[in-house]
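Visitor: Could you take me closely through the charged side-chain pairing in this model, and say how exposed the partners are?

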Amino acid sequence: MDSSLVIKFFEEITKIPRESGHEEKIAEYLINFAKERNLEYKKDKVGNVLIIKEASKGKEDVPSLVLQSHQDMVCEKTPESTHNFETDPIKYVIEDGWMIAKETTLGADDGIGVAASLALLDSDIAMGRLECLFTTSEETGMDGAMGLEEGFFTSKTLINLDSEDEGQLFVGCAGGLNTTIDFDIKREAILDGYKQLKLKVFGGQGGHSGDDINKLRMNAVQQMARFLYTLPFDSYQLLDYNGGNKYNAIPRDAEAVIAIPSSEFDKVKAELERFSHTISSEFATSDPNVKASCEEVNTYSSALDKSVTTRLIRSLVALHNGIAAMSQDIPDLVETSSHLAFVKVQDSKIIVGTSQRSSVDTAKMAVADKVKACFELAGANVVRSDIYPGWKPNMQSHVMDRTVEAYKKIFNVEPKVKAIHAGLECGLFLEKFPYLDMISFGPTLKGCHAPGERLNLESNEKFVKLLVEVVTNYS
């Protein structure tokens, strides 16, 4: 089996709608795949699918393995994209050894893991018994892993195929939670003689709120709050504020609409232009295309009251966003972080989404408490959800030793054994199945959770070679 078979299956997967919470089509595809090959399969009440391939002749005594990946993908697109994730295949190009979706996410996170499992199930290579587990809604709350019931699979060794750096073997990950805030809205009339101005901060790279948090990329939602905070609160009315989309994606763009006296119109436009130069300079390395702009509009009939405007902007500026602590035990590993994910103005509420991560559960809750306190001071309502545990590294892991040996055998170089500041389902698996021995690896992906996500094809070849070596020679 070579990597072309994996790409073939991945190309099929890019045609299937599979946004988190809407995995019906991909689950149907997986079940049909199993039926067509007379493979045993089952589906549980939360949508997880398991496909089983019994051991090849002569391999009956090889320990059974679980290969695990998730069915869903993060659906993000550029503002100008007309892509419909419910109906349209993902459009991608091959450039300079990369498979790239330029206007949307590619879904290689974790479609390439799904494809690798299917390729092994479809192959005729000799190997032990495989249980291929495809979980649901990993990206939004790890619903599939949380809902997994005892006995759904029986293997005692699990290989997670949801990592994004070839040459790195992961044996630990951060736990996390989402903190959602809402402000009750009161509205008031737009003052006479005021003009409406739509402000935009855009052009950020975005990315994964865990794996990319150390890259110090611009957060468009917080930068918009930063600009609004520079304006005297009695000098404008806030009409609208929206930016970001997913808890696990760094917001690339944000918009706010304000009403200001006609006499101040040119002054505010000039201040925003200076602010555009400021953020372009500050983020020139991490986000070379970031800008701010504005345009006059006349589409709003009411404003948010001054109290909620003041409390919202102050809390967004005060909120910690980014790395909170580095690991004292593992070099270069982000231990704890907090992320401002989105803000949305609705009819009667302003909703603010944030997420917190840490490889230390107590630190995770401590940074979440800081977020909670920040917004409680602003008089908002705060709710926590989707709390999941971290995965503590086991440096005596047998599957880790076998995978390191396999990597050195094939590539004649030592792989890096690491932990990752992102949420993998392994922590939940270990909580439910404490006997599991686990490892995670995959090909190199860049720009996950943002338009422009790309898969390195050379790294995919190495990933497939390693997976085949581990699976076919496991003992």
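Guide: R384 has a relative accessibility of 28% and so counts as partly exposed, a class that lies between buried (under 20% relative accessible area) and exposed (over 50%), computed with a 1.4 Å probe on protein chains only. The model is predicted, so local features need pLDDT of at least 70 and side-chain atom pairs count only at pLDDT 80 or more, whereas totals for chains, interfaces and linings use all residues. Residues are numbered from 1 along each chain as its sequence is written, and side-chain values use heavy atoms, with hydrogens and water left out.

The partner of R384 is D369, in a salt bridge whose closest N and O atoms are 2.5 Å apart; the term requires a side-chain nitrogen of Lys or Arg within 4 Å of a carboxyl oxygen of Asp or Glu. Because R384 belongs to strand β19 (residues 381-388) and D369 to helix α8 (residues 361-377), the pair ties together parts that are 15 residues apart in sequence. Helices and strands here are DSSP runs, of H or I over at least four residues and of E over at least two respectively, numbered from the N terminus. D369 is also partly exposed, at a relative accessible area of 41%.

Under the salt-bridge rule, the count comes to 25. Another of these pairs is E54 with R129, where the closest N and O atoms are 3.4 Å apart. The burial of the two partners can be read from their relative accessibilities: R129, at 19%, counts as buried, while E54, at 47%, is partly exposed.

A further salt bridge brings together the side chains of K215 and D212, with 3.0 Å from N to O. Here D212 is buried, its relative accessible area being 7%, and K215 is partly exposed, with a value of 37%.
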